[in-house]
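Please read it alongside the sequence and the coordinates.

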Amino acid sequence: MSTENEGTAAPTPPAAPSAPPVPVAAPHADRAPAPEAPAPAADQAPAPAPTEAHAPAAAEPVTQQLPPTPAPGTEPTQQLPQTPAPEPAPTPAPQPAPPAAPAYGQAPAPHPAGPAPAAHGAAGWPPPPPPPAVPAYGGGGHGVWGAHLAADGQPAPKPKKGRGGLIAAVLVAALLAGGIGGGVGYWAAERSDKGSGSTTITAGNTPKDLKREAGSIAGLAAGALPSVVTIEASAGDGEGGTGTGFVYDQQGHILTNNHVVASAANGGKLSATFSDGKKYDAEVIGRAQGYDVAVLKLKTPPAGLKPLPLGDSDKVAVGDPTIAIGAPFGLSNTVTTGIVSAKNRPVASGDGSGSKNSYMSALQTDASINPGNSGGPLLDGRGAVIGINSAIQSAGNGGFGGGQTGSIGLGFAIPINQAKNVAESLIKTGKPVYPVISVSVDIQSKAEGAKISENGASAAELVDPNGPAGKAGLKPGDLIIQFGGKQIDSGPSLISEIWTHKPGDVVKLTYVRDGKTTTVDITLGSRVGDK
């Protein structure tokens with residue numbers, strides 16, 4: 001454990017094509033068939049089939065070749081028209097050839113007068129193919145939607161398939177689409193000008209002073225920030241650091257971590273800066289290295305100090321919301337949020353020197369805590385203090401540039417119930433008071449519990465026969481596995497759990513000796529001051 005000092009647009013309507021669309025390979029049953037052309041009258045000859053631009057001589061009838069029918073599911077192949085070889089001028093025939101298909105965009109030539117063509121089935125004119133049972137979309141045949149009519153009222157001959165017609169149809173479609181788009185744009189602009197077509201939404205009647213609810217994060221932070229201070233500590237040799245504290249009472253006492261002020265405790269300089277920028281000199285009233293708690297006092301406290309309300313850390317539940325306030329990396333008045341991730345987490349943290357450790361049965365939170373947050377308050381969802389932010393678990397010793405690492409969502413706070421007891425003792429006497437059982441615990445043991453040391457001193461020094469544990473019959477080598485109903489898995493966890501109580505409390509202790517489990521009652525003793 002390392003410490004700090006640590007949307008879909010409306011579809012464009014289809015444009016009416018000026019030329020019949022290219023037929024698809026196979027008809028779709030869900031599409032409506034094209035309207036059928038009316039049947040020709042009995043005395044009216046059907047319209048002649050289209051021919052090449054140069055008609056063959058009458059004495060030499062030519063059989064018309066129909067294009068092959070494409071296989072189902074395939075696209076029809078576009079054939080480029082072949083240029084016919086030059087031929088001699090045609091001999092006048094009794095039946096003049098029908099007019100060739102007009103060029104795209106030109107009016108059809110008038111039908112020349114003359115005798116009607118031979119009936120269907122006559123020599124030189126094969127009968128037209130019957131219409132399909134289910135015509136393709138926009139398919140061929142007489143009377144198709146969008147087809148040009150000749151002067152005699154009959155549909156003009158179907159132009160030859162080729163790239164020119166396809167490209168022209170695409171161009172017309174593009175122009176029509178552009179026209180429709182322009183029309184829609186004009187319509188939208190007209191509606192916008194009239195104030196009824198805008199898609200922009202604005203909040204009306206915005207107050208000049210937008211107020212937040214008192215119970216919101218912003219409201220709770222606004223209420224707590226004036227009572228949180230940024231502490232600057234400097235030793236006589238120039239060493240020091242930045243931490244956080246908060247107003248404990250109206251007399252000007254500030255509650256913080258011991259490791260925040262340790263460097264300035266003996267002849268150094270301390271100052272506390274409030275969120276409004278006002279700075280005050282401060283002095284150490286008392287500090288408890290084992291608890292990692294310290295109390296400062298402003299030398300000239302301002303009037304109207306507002307202490308932060310204290311909550312009940314014993315009633316905190318995992319999942320409760322948390323708010324951390326501090327000065328991470330010197331950034332004063334920083335607010336972060338999270339939840340209570342765990343309770344009763346045994347944590348051993350150092351003051352940076354490596355010579356002494358502090359122990360706590362901590363509240364774990366994922367609110368972002370970084371070096372500089374130490375000593376700051378951890379608030380609950382009501383704005384009451386439930387802990388003092390003290391330590392973080394880091395992913396490594398480096399980070400960017402090899403400096404201190406930042407938050408990875410594992411922060412630890414001293415429960416406020418414990419911190420309050422320590423603070424009261426420090427304010428009254430200037431010294432901490434620790435509950436003890438008067439045994440030496442092997443911190444390095446890997447056993448599943450807290451093992452009482454067997455070596456390094458006499459048995460009387462390892463277990464004080466007149467102390468709480470000695471009176472209850474414990475001996476060196478015993479393995480303590482429960483304390484006060486809490487499971488104990490190491491030496492630090494035992495110390496942390498003991499320090500959640502007060503001297504004089506009677507607590508049940510369970511230990512194992514030679515495979516046998518025994519539970520006894522212990523009355524906690526006391527020790528004044530740090531060793």
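Which backbone nitrogen lies 3.2 Å from a polar atom of the side chain of serine 313? The first point below takes this up.

The structure is a predicted model, in which local features need pLDDT of at least 70, side-chain atom pairs count only at pLDDT 80 or more, and totals for chains, interfaces and linings use all residues. Residues are numbered from 1 along each chain as its sequence is written, and side-chain values use heavy atoms, with hydrogens and water left out.

1. Serine 313. The backbone nitrogen in question belongs to asparagine 417, at 3.2 Å from a polar atom of the serine 313 side chain. Serine 313 is located in the loop between β7 (293-298) and β8 (321-326); helices (H or I, at least four residues) and strands (E, at least two) are DSSP runs, numbered from the N terminus. With a relative accessibility of 3%, serine 313 counts as buried (buried means under 20% relative accessible area, exposed over 50%, and partly exposed in between, with a 1.4 Å probe and protein chains only). Neighbours within four places in sequence aside, the contacts of serine 313 (heavy atoms within 4.5 Å) are Lys343, Leu363, Ile386, Pro415, Ile416 and Asn417.

2. Helix α4. This helix covers residues 416-429 and has 14 residues. From first C-alpha to last, α4 reaches 20 Å, close to the 20 Å expected at 1.5 Å a residue; the expected span is 1.5 Å times one less than the number of residues. Its buried residues are Ile416, Gln418, Ala419, Val422, Ala423, Ser425 and Leu426. Glycine 430 follows α4 and has a positive phi, near 80°.

3. Most residues other than glycine have a negative phi. Asparagine 344, although not a glycine, has a positive phi of about 55°. Asparagine 344 is placed in strand β9 (residues 334-350) and is partly exposed, at a relative accessible area of 39%. Aspartate 514 is not a glycine either, and its phi is positive, about 55°. Aspartate 514 sits in the loop between β18 (506-513) and β19 (516-523), where its relative accessibility of 81% makes it exposed.

4. Salt bridges. How many salt bridges does a search of the whole structure find? The search finds six, a salt bridge being a side-chain nitrogen of Lys or Arg within 4 Å of a carboxyl oxygen of Asp or Glu. One of them joins arginine 513 and aspartate 478, with the closest N and O atoms 2.8 Å apart. Arginine 513 lies in strand β18 and aspartate 478 in the loop between α6 (468-471) and β16 (479-483), so the pair ties together parts that are 35 residues apart in sequence. Arginine 513 is partly exposed, at 26% relative accessibility, whereas aspartate 478 is buried, at 2%.

5. Further salt bridges. Lysine 486 and glutamate 497 meet through their side chains at 3.6 Å, N to O. Because lysine 486 lies in strand β17 (residues 486-487) and glutamate 497 in helix α7 (residues 491-498), this pair ties together parts that are 11 residues apart in sequence. Lysine 486 is partly exposed, at 31%, while glutamate 497 is buried, at 8%. Lysine 451 also forms a salt bridge, with glutamate 454, and the closest N and O atoms are 3.2 Å apart. Lysine 451 is partly exposed, with a relative accessible area of 26%, and glutamate 454 is partly exposed, with 46%.

Methods:
Polar contact = N/O pair within 3.5 Å; in protein donor to acceptor, adjacent residues only side chain to side chain.
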